[in-house]
Amino acid sequence: MKQLIAALLTTLLATLPLLARNDNDRMEAFGLVDVTTAAPDVIVSLMYARADNFTGVKLYNTLTRAYLHPVAAKSLAAAQAELSRLHPGYRLKIYDASRPMSAQRLMYKVVQGTSKARYVSNPRNGGGLHNYGMAVDLTIVDAGGSELDMGTPVDHLGPEAHTDTEASMLRRGILTKTQIDNRRLLRQVMVHGGFKPLGSEWWHFNRCTRAYARRHYNLIDF
């Protein structure tokens, strides 16, 4: 009887996200945390809730808030605290956080068969860390509310956004020292919080490996 009750509860919990009224409620049904609850100082501007992103289409219909797994949300709060300590008035600006697989499939369809496909996790392979609530795309704004110059916009899919060739790009005049210093500041505070940077996107940070997420966390599939 206990096993039957446990199975019924597991089934019920799995269906809760599908019964939710909108994507914000679905995220919360998955046990994810609104990042502004964990880190009130951060700014949220979801780029996929608008059409002015690299896909040219709106990927989020009713998702209006940024969510992360509680572990990642706690790390984000630590990163913001470190940024505030180093530069009072500076704030992290979130462009994307947890991403449902429905949006991941639409995103991959846009780049499939192009040179940009390398930058987007293939949903057939289980998606990426955004789909587990363990990755975040973000930048820094100064005390006046202006974004720091990072050399490219967020979501620029090209070599200029890579972090592993910054020294070469500085020598060739593609990036300036100020732009690289700004990127280093972002990496410094995010690493302090427990995140790891991605070599191909200066704005993208992972809280764990994909293998670890698949073993320990739920795929956000709706």
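Visitor: Over how many bridges do β4 and strand β5 pair?

Guide: Keep in mind that this is a predicted model. Strand β5 covers residues 135-141, and β4 runs antiparallel to it.

Visitor: Which residue stands opposite Lys93 in β4?

Guide: Here we turn to strand β2, residues 43-44, which runs parallel to β4 and is joined to it by 2 bridges. On that side, the residue facing Lys93 is Ile43.

Visitor: Is strand β4 mostly covered or mostly open, and how many of its residues are buried?

Guide: β4 spans residues 91-96, so that's 6 residues to check, with buried meaning under 20% relative accessible area. The strand comes out mostly covered, and the buried count is 5 of 6.

Visitor: Which element gives the most to the largest nonpolar core?

Guide: That core has 55 residues, with Leu76 and Leu92 among those having the most contacts inside it. Elements giving two or more residues include β4, β5 and α7. The top contributor, with 5 residues, is α4.

Visitor: Is Ala72 buried or exposed?

Guide: Ala72 sits in helix α4, residues 70-86. Leaving out residues up to four places away in sequence, it touches Gly133, Met134, Phe195 and Arg207. Its relative accessible area is 0%, and the cut-off is under 20%, so Ala72 is buried.

Visitor: How far apart in space are Ala72 and Tyr108?

Guide: In sequence they are 36 residues apart. Going C-alpha to C-alpha, the separation in space is 24 Å.

How values were computed
Residues are numbered from 1 along each chain as its sequence is written. This is a predicted model: local features need pLDDT of at least 70, side-chain atom pairs count only at pLDDT 80 or more; totals for chains, interfaces and linings use all residues. Side-chain values use heavy atoms; hydrogens and water are left out. Helices (H or I, at least four residues) and strands (E, at least two) are DSSP runs, numbered from the N terminus. Buried means under 20% relative accessible area, exposed over 50%, partly exposed in between (1.4 Å probe, protein chains only). Contact means heavy atoms within 4.5 Å. Two strands pair if DSSP finds at least two bridges between them. A nonpolar core is a set of buried Ala, Val, Leu, Ile, Met, Phe, Trp, Tyr and Cys residues joined through side-chain atoms within 4.5 Å.
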